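Work through the exercises below with the model open. Try each task before you read its solution.

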Amino acid sequence: MTARDEFNADLLALLDEGRSVPCAGRDEWTSDEPDERAHAAEECVSCPLLEVCADLATEERHKWGVWGGLDR
């Protein structure tokens with residue numbers, strides 16, 4: 001299973017439970033403003049997908065935005 005597959009499966013399970021992730025529908029995670037991305041990274045700490053999100057970003061070599069609590 002790829003990191004993308006794991007992330008998608010975990011996200012769907014979370015949504016089925018009526019829960020969400022802090023980044024859903026918000027622009028701070030990809031903002032051009034470093035302060036906004038720093039705030040977004042802080043909000044990631046409480047996300048149940050924190051680790052799988054970080055794994056996804058590493059596997060797919062994301063170089064921009066906040067992924068798994070890190071501003072890349």
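This is a predicted model: local features need pLDDT of at least 70, side-chain atom pairs count only at pLDDT 80 or more; totals for chains, interfaces and linings use all residues.

**Exercise 1. Helix packing**

Work out how helix H1 and helix H3 are oriented to each other, and which residues meet.

Solution. 

1. Locate the helices. H1 covers residues 3-16 and H3 covers residues 50-59.
2. Take the geometry. The axes lie 8 Å apart, at an angle of about 150°.
3. Classify the angle. Angles over 145 degrees count as roughly antiparallel. H1 and H3 are therefore roughly antiparallel to each other.
4. The crossing of H1 past H3 is left-handed.
5. List the contacts. H1 contributes Ala 3, Arg 4, Glu 6, Phe 7 and Asp 10. H3 contributes Val 52, Cys 53, Asp 55, Leu 56 and Glu 59.
6. Sort them by class. The contact of H1 with H3 has five nonpolar and five charged residues, and no polar ones.

**Exercise 2. Cysteines**

Solution. 

1. The whole structure has zero disulfides.
2. Find the partner. For Cys 53, the closest is in Cys 44.
3. Check the distance. A disulfide needs them within 2.5 Å.
4. Conclude. At 6.3 Å, the sulfurs are too far for a bond.
5. Cys 44 is buried, at 8% relative accessible area. Cys 53 is also buried, at 15%.
6. Link back to Exercise 1. Cys 53 is one of the H3 residues that meet H1.

Definitions and conventions: Residues are numbered from 1 along each chain as its sequence is written. Side-chain values use heavy atoms; hydrogens and water are left out. Axes are lines fitted to C-alpha atoms, for helices over the stretch in contact, and angles run from 0 to 180 degrees between N-to-C directions. Helices (H or I, at least four residues) and strands (E, at least two) are DSSP runs, numbered from the N terminus. Angles under 35 degrees count as roughly parallel, over 145 as roughly antiparallel, 65 to 115 as roughly perpendicular and the rest as oblique. A crossing is left-handed if the near helix is turned anticlockwise from the far one by less than a right angle, and right-handed if clockwise. Contact means heavy atoms within 4.5 Å. Ala, Val, Leu, Ile, Met, Phe, Trp, Tyr, Cys and Pro count as nonpolar, Asp, Glu, Lys and Arg as charged, and the others, Gly among them, as polar. Buried means under 20% relative accessible area, exposed over 50%, partly exposed in between (1.4 Å probe, protein chains only).
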